[in-house]
Amino acid sequence: MSDVVVLDYGSGNLRSAERALAAAGADVRVTDDLAAAAAADGLVVPGVGAYAACMAGIEALGAGPVIAERVAAGRPVLGICVGMQVLFEHGDEHGVVTKGLGLLPGGVTRLAATRLPHMGWNTVRAPRESVLFAGLTEQSRFYFVHSYAMSDPAALAAAGATVTTAHHDTDFVAAVERGSLSAAQFHPEKSADTGAALLRNWLATLPSGD
């Protein structure tokens with residue numbers, strides 16, 4: 001059983017992520033202990049609400065270098081919702097640009113859609129080589145709630161990432177996989193059986209704990 005830390009930097013949605021990961025087979029705990037975050041087999045970076053607030057929480061905890069060092073060392077990290085968005089170079093919300101962690105190229109901007117937030121169940125288009133979506137069909141639905149996203153899948157693909165997209169008036173990045181870094185714009189912990197399958201796929205990439 002792999003040891004997974006859900007990073008507590010003041011964002012919400014921690015316990016639902018913890019429960020979903022435990023149900024998927026992880027030995028999981030929620031903590032703000034950076035040593036535990038660095039040492040775990042897998043690190044989950046959650047996030048709900050505003051990009052700037054999430055980045056402020058990460059910076060106050062001093063978690064940015066820990067996340068970056070894990071990625072550089074090829075150690076698994078999974079970002080969820082705003083926890084995915086902060087992995088990019090910047091986020092632009094309400095005309096305010098906030099610097100992100102810069103672990104993925106590009107930025108997060110407001111979706112070009114008539115109905116916002118994009119809230120509810122939606123399908124995604126995953127490439128065959130995706131590990132996160134292995135065994136899932138094109139009819140699989142995931143739960144989204146967001147008004148901002150990374151909307152340049154081609155730039156991510158050019159940077160060597162495996163990019164999964166979704167459509168809400170326009171295409172946007174629903175998930176990304178590059179090396180040990182994985183991220184989902186939707187909430188796998190709220191996506192019932194399909195979300196559980198995705199979490200199991202991610203856990204299968206982790207080294208087994210002692």
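This is a predicted model: local features need pLDDT of at least 70, side-chain atom pairs count only at pLDDT 80 or more; totals for chains, interfaces and linings use all residues.
**Briefing: fold dimensions and pockets**

Residues are numbered from 1 along each chain as its sequence is written, and side-chain values use heavy atoms, without hydrogens and water.

**Overall form**
- The C-alpha trace spans about 50 × 40 × 30 Å along its principal axes.
- Of the 210 residues, 52% count as buried (under 20% relative accessible area, 1.4 Å probe, protein chains only).
- Among contacts (heavy atoms within 4.5 Å) with a separation of 6 or more, 69% join residues 24 or more positions apart.

**Pockets**
- The largest pocket has a volume of about 240 Å³; a pocket is an open set of points on a 1 Å grid where a 1.4 Å probe fits, with protein on both sides within 12 Å along at least five of seven lines, and its volume is the space filled by probe spheres set on the points.
- Its lining comprises 13 residues, with Ala126, Pro127, Leu136, Thr137 and Glu138 closest to the centre; lining residues have an atom within 4 Å of a point.
- The second largest pocket holds about 180 Å³.
- Of the 13 residues lining the second largest pocket, Gly49, Val82, Val145, His146 and Ser147 lie nearest its centre.

Definitions and conventions: Buried means under 20% relative accessible area, exposed over 50%, partly exposed in between (1.4 Å probe, protein chains only).
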